Amino acid sequence: MSDLTTNSSGQAIPAVDLEVDASGLKCPLPILRAKKALAQLQSGQVLKVVTTDTHAIQDFQAFAKQTGNALEAQVEEGLAVSHYLRRR
């Protein structure tokens, strides 16, 4: 069994171990919530963070690069974006 699924546009999405809804929050709160949630996960587990902040796509790309966590996917779903981070 694979730990990847695909969404309606064919993008691979990893299986999620923990989800955080940061909808309605502005930077830096979604990143802070993600950091706190990642601390609860084991290495290799995946966190999904749902955001509505327009700058979140770039913020999560920078966060992943700075922390060494893998940004597996970023999926736009209407006004929200789901970010999938794999803990290092």
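What pattern does the protein chain follow when read along the sequence? The pattern is β-β-β-α-β-α-β-β, and the chain holds two helices and six strands. Helices (H or I, at least four residues) and strands (E, at least two) are DSSP runs, numbered from the N terminus.

Please note that this is a predicted model, in which local features need pLDDT of at least 70, side-chain atom pairs count only at pLDDT 80 or more, and totals for chains, interfaces and linings use all residues. Residues are numbered from 1 along each chain as its sequence is written, and side-chain values use heavy atoms, with hydrogens and water left out.

I turn to overall dimensions. A compact globule of 88 residues would have a radius of gyration near 12 Å, and the protein chain agrees because its value is 12 Å. This radius is taken over C-alpha atoms, and the globule rule is 2.2 Å times the number of residues to the power 0.38. Along the principal axes, the C-alpha atoms fill a box of roughly 35 × 30 × 20 Å.

Of the 88 residues, 39% count as buried, meaning under 20% relative accessible area with a 1.4 Å probe, protein chains only.

Finally, the side chains. The structure holds one aromatic pair. Phe60 and Phe63 form this pair, edge-to-face, at 6.4 Å centre to centre with 75° between the planes. Rings of Phe, Tyr and Trp (its six-membered ring) pair if their centres lie within 6.5 Å; planes under 30 degrees apart count as stacked, over 60 as edge-to-face and the rest as tilted. Because Phe60 and Phe63 are three residues apart in helix α2 (residues 56–67), about one helical turn separates them. Both Phe60 and Phe63 are buried.

How values were computed:
Buried means under 20% relative accessible area, exposed over 50%, partly exposed in between (1.4 Å probe, protein chains only).
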